[in-house]
Amino acid sequence: MSSTLDLYKRVTALPQGKRLFSVLYGQKAPYFASIHMMVEEMKPHLGQIVIPKRRSVKNHIGTVHAIAACNGLEAAMGLLAEATCPDDMRWLPKGMDVKYLAKSTTALTCTAETTAADWAGAPDVPVKVKAVTTDGTVTVEGIIHLWVVPKKG
């Protein structure tokens, strides 16, 4: 089990554990802290975070900025990759293809999902991602492409 997944399981068992883990995850990758995310789920083949709608993530029209949504999608993908990648392998994002489908008018739930078949295709692993408003509107969706290779000794 990855050290990040182990930490998630230990910390989220505590009172306010998801909040604490969210802060810790934001410190591991400091740019993630800029969206003030709350980690909702981390397990093999699934990562999910929520970006609250607050001034720091809004654009000039008052909606959640597309790049903040992409930051959330990458954060969700990182949780999934940490929980899914075999211990003898390492992962690196190599690209993101997304479509902006609707205005992000509320907080966003950013979800990343894969299957075992996706990982069987390594070194190229596609991760499906989407950002959804509180009313269920998909505002951003796409694929984050991972490069999964053996760790160097």
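Reader: Why does D6 count as partly exposed rather than buried or exposed?

Author: This is a predicted model, and in it D6 has 31% relative accessibility. Buried means under 20% and exposed means over 50%, with partly exposed in between. D6 therefore counts as partly exposed.

Reader: What makes R10 and D6 a salt bridge?

Author: Their side chains meet at 3.2 Å, N to O. The cut-off is within 4 Å, so the pair qualifies. R10 and D6 are four residues apart in helix 1, which means about one helical turn separates them.

Reader: Why is R10 called exposed?

Author: R10 has 52% relative accessibility. Exposed means over 50%, so R10 counts as exposed.

Reader: How do you know that K28 and E82 form a salt bridge?

Author: The N to O distance is 3.8 Å, and the limit is within 4 Å. This pair links distant parts of the chain, with K28 in helix 2 and E82 in helix 3, 54 residues apart. K28 is exposed, at a relative accessible area of 53%.

Reader: How many salt bridges does the rule give?

Author: The count comes to three.

Reader: Which residues line the largest pocket?

Author: Among them are K28 and E82. Helix 3 gives the most to this lining, with four residues.

Technical notes. Residues are numbered from 1 along each chain as its sequence is written. This is a predicted model: local features need pLDDT of at least 70, side-chain atom pairs count only at pLDDT 80 or more; totals for chains, interfaces and linings use all residues. Side-chain values use heavy atoms; hydrogens and water are left out. On a 1 Å grid over the protein atoms alone, a cavity is a set of points where a 1.4 Å probe fits but cannot get out, and a pocket is an open set with protein on both sides within 12 Å along at least five of seven lines; lining residues have an atom within 4 Å of a point. Helices (H or I, at least four residues) and strands (E, at least two) are DSSP runs, numbered from the N terminus. Buried means under 20% relative accessible area, exposed over 50%, partly exposed in between (1.4 Å probe, protein chains only).
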